[in-house]
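Let's take a walk through this structure together, stopping at a few spots along the way. Keep the sequence and the 3D view at hand as you read.

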Amino acid sequence: MQTVTVNLVSTSAPRSYPIHIGADILTQPELLLDYLGQKRAAIVTNTTVGPLYLEKFRATLAAHDVVSVPIVLPDGEEYKNWETLNLIFDALLTHRCERNTPIIALGGGVVGDLTGFAAASYLRGVPFIQVPTTLLAQVDSSVGGKTGINHPLGKNMIGAFYQPQAVVADTSTLDTLPDRELRAGIAEVIKYGLIRDPAFFGWIESHIELLLERESSILIDAIKRSCQHKAEVVEADERESGMRALLNLGHTFGHAIENAMGYGNWLHGEAVAAGTILAAEVSQRMGMIGEGDVDRIRNLYVKAGLPVIAPNLGPEKYLHLMGLDKKVQGGKMRFILLEDIGRAVVHAGVPSPILTEVLTECTADA
Ligand SMILES: NC(=O)c1ccc[n+]([C@@H]2O[C@H](COP(=O)([O-])OP(=O)(O)OC[C@H]3O[C@@H](n4cnc5c(N)ncnc54)[C@H](O)[C@@H]3O)[C@@H](O)[C@H]2O)c1
Ligand SMILES: [Zn+2]
């Protein structure tokens, strides 16, 4: 097992926490018992992950006298909303969960984001533990404390920063993950290489087949390196007042794609891959990177089985959807662009003819 620590400085209580990464660690309750002093916990999962891992996990906890309340949500990005959030509150209240009853998220990023937001607001904040079961959640969404839900007018628009007490990433759970979901997670792994680690980008290029084959030690290496990057960025800028925005590479376009195509039709990682190509095309037209760089990025996504051509929504629709994006400041749209493979920057001055050109020439009818 490997452990990465997220070191968060705080004026009051310490908020640093471990990310444990390894095969079969779901059945190692000692990683969690420190946080389960009340001997009671609520476990939030969904109708897909529940049948696979919930009883095994509950049995492990029960063997250490921890009683758990299961809360099983419908599965899907389209359920990341108020109604589903309320199902969690209903269950927590019905079972009289208290202020020191931890809530454990067992699932992918949707379950993690919903559960984290519930934990942030139930009784004004209760302990929260992430047990991510998708690659995307293990390398990205379970770390860093962003929680929330979607609104019909925009993705992740309602939420809170709320850090977990621990993250337990059991890589064995990835065995049951559909290929398409695995590839979507790889998009976020590639993102860390693109924004801040050229050597890691090269490592992914040379290990992409093994990653797709789910070779355990390679997966663990990729997850650990990704979590180290995420931890470093979050440590430096927990509330996204600066460099944390770089983690949104490809996401401004990506969120527009997800929203326009209907939540859940394009997976988040797929939209990020196609969105990153648009960001790279803009960067290239701004004279920041070369055409060879764009090709290199595109080739890696293609090898990873990810989409590289964004749907043609028309520039107006893209701009409208992106105007709702959180990265708008004082009316100016800010983009995350690439200065190099391994170096991303925030840019506020993209001329609109370049945007229109990229959104027209680099997209195709869906
Ligand atoms: N909070 C953050 O910082 C952050 C970062 C990135 C993404 N996100 C959010 O994460 C969400 C995407 O997360 P995701 O990609 O994990 O999607 P997801 O949670 O929808 O999971 C993908 C699918 O895989 C299933 N699944 C999960 N674990 C499984 C397993 N071990 N075996 C078989 N099936 C399994 C799920 O039930 C679901 O059908 C988006 O809502 C996105 O906005 C949040
Ligand atoms: Zn993302």
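Before the first stop, here's a handy cut-off: when two axes make an angle over 145 degrees, they count as roughly antiparallel, while angles under 35 degrees count as roughly parallel. Also keep in mind that what you're looking at is a predicted model.

**Two helix pairs**

Start with helix H6, residues 179–196, and helix H7, residues 198–212: their axes are 7 Å apart and the two pack at an angle of about 160°. That angle is over the cut-off of 145 degrees, and H6 and H7 are therefore roughly antiparallel to each other. Their crossing is a left-handed one. Who makes the contact? On the H6 side you'll find residues including Leu182, Ile186, Val189 and Tyr192, and on the H7 side Phe200, Phe201, Ile204 and Ile208 are among them. Sorted by class, the contact of H6 with H7 has 13 nonpolar residues, plus one polar and two charged.

Now hop along to helix H12 (residues 315–323) and helix H13 (residues 352–361), whose axes cross at roughly 115° and come within 9 Å. Here the crossing is right-handed. Pro315, Tyr318, Leu319 and Met322 are the H12 residues that meet Leu355, Thr356, Leu359 and Thr360 of H13. In the contact of H12 with H13, six residues are nonpolar, two are polar and none is charged.

**The zinc ion**

Which residues coordinate the zinc ion (ligand 2)? They are Glu188, through OE, together with His251 and His268, each through NE2, at 1.9 to 2.1 Å. Along the chain, the donors of this zinc ion follow the spacing E-x62-H-x16-H. Glu188 sits in helix H6 and His268 in helix H10 (residues 268–285), so this pair ties together parts that are 80 residues apart in sequence. Are Glu188 and His268 buried or exposed? Both are buried.

| Residue | Relative accessible area | Class |
|---|---|---|
| Phe57 | 1% | buried |
| His95 | 38% | partly exposed |
| Arg124 | 77% | exposed |
| Arg214 | 19% | buried |

Phe57 belongs to helix H2, residues 49–62. Setting aside residues up to four places away in sequence, Phe57 touches Leu26, Leu32, Ile43, Ile104, Leu106 and Val131. If you'd like a sense of distance, the C-alpha atoms of Phe57 and Gly262 are separated by 33 Å, and these residues are 205 apart along the chain.

His95 is found in the loop between helix H3 (82–94) and strand E5 (103–107). Apart from neighbours within four places in sequence, His95 is in contact with Arg40 and Val69. Between the C-alpha atoms of His95 and Gln38, 57 residues apart along the chain, there are 14 Å.

Arg124 has a phi near 65°, a positive value in a residue other than glycine. You'll find Arg124 in the loop between helix H4 (109–121) and strand E6 (128–132). Phi of Arg214 is near 60°, also positive in a residue other than glycine, and Arg214 lies in the loop between H7 and helix H8 (216–236). Why is Arg214 classed as buried? Its relative accessible area is 19%, and buried means under 20%.

Terms used: Residues are numbered from 1 along each chain as its sequence is written. Chains are lettered from A and ligands numbered from 1 in the order in which they are written. This is a predicted model: local features need pLDDT of at least 70, side-chain atom pairs count only at pLDDT 80 or more; totals for chains, interfaces and linings use all residues. Side-chain values use heavy atoms; hydrogens and water are left out. Axes are lines fitted to C-alpha atoms, for helices over the stretch in contact, and angles run from 0 to 180 degrees between N-to-C directions. Helices (H or I, at least four residues) and strands (E, at least two) are DSSP runs, numbered from the N terminus. Angles under 35 degrees count as roughly parallel, over 145 as roughly antiparallel, 65 to 115 as roughly perpendicular and the rest as oblique. A crossing is left-handed if the near helix is turned anticlockwise from the far one by less than a right angle, and right-handed if clockwise. Contact means heavy atoms within 4.5 Å. Ala, Val, Leu, Ile, Met, Phe, Trp, Tyr, Cys and Pro count as nonpolar, Asp, Glu, Lys and Arg as charged, and the others, Gly among them, as polar. Donors are N, O and S atoms within 2.8 Å of the metal (3.2 Å for Na, K and Ca); water is not among the atoms, so sites may look incomplete. Buried means under 20% relative accessible area, exposed over 50%, partly exposed in between (1.4 Å probe, protein chains only).
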